[in-house]
Amino acid sequence: MSLFEPTLQAAQARLSAVQPDAYARTRNALEGAVTRLSPYLTHGFLSLADVYLAVHKRHPLNAQHKLVFELGWRGYYRHVWSHLGQGIEQSLRKGLHPETVYQQKIPDDFLEARTGIPAIDLAVRSLYETGYVHNHARMWLASYLVHLRKVHWHAGAQWMLAHLLDGDLASNHLSWQWVAGTNSNKPYLFNADNIAKYAPVPWHSPGTVLDTSYEIMHQYALSAEAIKYDLPPSYASAGMGQPDTGVKPLGMEWQKPDATVVTGRDVWLVHPWSLGTPLHVKTTNSICIGIGLIECHSNTPWSTRRWNFVREGMQTQAEQLWWGSVQEVVASLSTARSVQWQSEPHVNGAMTELQNRLERNGGCTTALALDAPELFKPVPAYCASFAQWWKKTGIQLEFNA
Ligand SMILES: Cc1cc2nc3c(=O)[nH]c(=O)nc-3n(C[C@H](O)[C@H](O)[C@H](O)COP(=O)(O)OP(=O)(O)OC[C@H]3O[C@@H](n4cnc5c(N)ncnc54)[C@H](O)[C@@H]3O)c2cc1C
């Protein structure tokens, strides 16, 4: 059974299992009490407000609680994304080296989990086998690729985004930039002692290139050359295959948008970021359609695991799944009696375009507002650091009752 089932029940079960105090004490450890809520947050089964309210009811949380603080990082990255849009795909400030020092190609030994460094290889395996990696291991992967192997953070971010079930452009790209030092004051570095402190024994990496001091790690990062080391012979070929990724979902379930099934009917759209929204009360004249937009994925392929997660999540509600361009979907919906969908909280060009074009089509379309208001108070002016944003935001009053 998969670690993550794409259902509202599975999301609720995870929510009920959150232990905020244990989380605060142990979240940095790979075996710590992390929530694993991220795929449910990314795909719209839960909002940050849902998480806060459910936990707060059982265990009052003040605004300084570690869990609230970490939820805040997601809120902050959203804030940055809403201000910079596609600008988050560029380095936000100068890093340690000119951009040209970093290569775009990720080395095969890394992609095939055969670097010979247990912590790196196990983290890659975890990503491929479950679609999830603990935050600390994500930091290790990113730091190793950028600072030791001199891979550009954007190439690493695109690779990880494709395989994560929680892949989210804002949290992902801005975290990679944080590690790279293009969205923070200094690069994030780690070593074998750090791994030994936070990871179980099989991850420990003594005798590897990581088994050194922070001073040496810093020198590696300052060098414009990728580290050179000989792979142990047993690692030269003993890796694992990389799972497939694709810019479109595979499978017969996905059909071309088809006007004939919606003509004269009330249509409810479910998209990959609204999987948990019970959009509609079924009537004889209504139909629920799951949509995937070509434009959303042409630059960001997803793993088969992620496509399956999305497809299964949609199929719990939708009678048909459509895969097409914004233009095709809008044209096919033009004969519907009404069209409704959960508004898309992300800054995503194609989803916004779909929304605008459906709205321009006439009065029969509605983007439903999110059920709950945002957890954090909106901060209108752009904050270039989390600390700045955190000072200005806070939990919205209605959540503190
Ligand atoms: C290189 C790198 C890439 C990342 N890519 C993504 C991504 O694509 N999607 C994504 O959702 N998160 C990403 N993160 C942030 C973080 O690693 C994950 O949100 C977290 O590991 C998800 O697991 P969890 O739900 O068990 O987290 P928990 O520790 O249980 O935290 C609960 C929730 O708080 C939020 N949160 C916690 N830590 C962070 C953080 N550092 N940054 C932002 N939000 C946080 C998440 O929504 C998370 O689900 C990335 C971090 C790094 C270092």
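In helix 7, the buried residues are Ala119, Ile120, Asp121, Leu122, Ala123, Val124, Ser126 and Leu127. Here, buried means that 20 or more other C-beta atoms, placed from the backbone, lie within 10 Å of the residue's own. Helices are DSSP runs (H or I, at least four residues), numbered from the N terminus. The model is a predicted one, where local features need pLDDT of at least 70 and side-chain atom pairs count only at pLDDT 80 or more, while totals for chains, interfaces and linings use all residues. Residue numbers start from 1 along each chain as its sequence is written.

What do the buried residues of helix 7 pack against? Their partners are helix 6 (108–111), helix 8, helix 9 and helix 11 (192–198), with contact taken as C-beta atoms, placed from the backbone, within 7 Å. Just after helix 7 comes Gly131, with a positive phi of about 80°.

Helix 8 is mostly covered, with 13 of its 14 residues buried. Its end C-alpha atoms are 19 Å apart, which agrees with the 20 Å that 14 residues should span at 1.5 Å a residue. Lys150 follows helix 8 and has a positive phi, near 55°.

Now for the core. The largest nonpolar core has 100 residues, and Tyr52, Ala119, Ala123 and Trp140 touch the most other members. Such a core is a set of buried Ala, Val, Leu, Ile, Met, Phe, Trp, Tyr and Cys residues joined through C-beta atoms within 7 Å. Helix 8 gives the most to this core, namely 9 residues. Setting aside neighbours within four places in sequence, Tyr52 is in contact with Leu61, Val68, Leu71, Leu375 and Phe399.

On to the ligand. It is surrounded by 28 residues, of which the closest are Thr35, Ser38, Asn135, Asn172 and Ser175; a residue counts as near if its C-beta atom, placed from the backbone, lies within 6 Å. Helix 3 (38–42), helix 5 (66–84), helix 8 (135–148), helix 9 (153–163) and helix 10 (169–180) each give two or more residues to this shell. Domain 1 (1–89 + 373–401) and domain 2 (93–235) each supply at least three of the shell's residues, the domain bounds coming from an automatic or database assignment.

Terms used
A residue is buried if 20 or more other C-beta atoms lie within 10 Å of its own, exposed if 12 or fewer, and partly exposed in between; C-beta atoms are placed from the backbone. Two residues are in contact if their C-beta atoms, placed from the backbone, lie within 7 Å. The expected span of a helix is 1.5 Å times one less than its number of residues.
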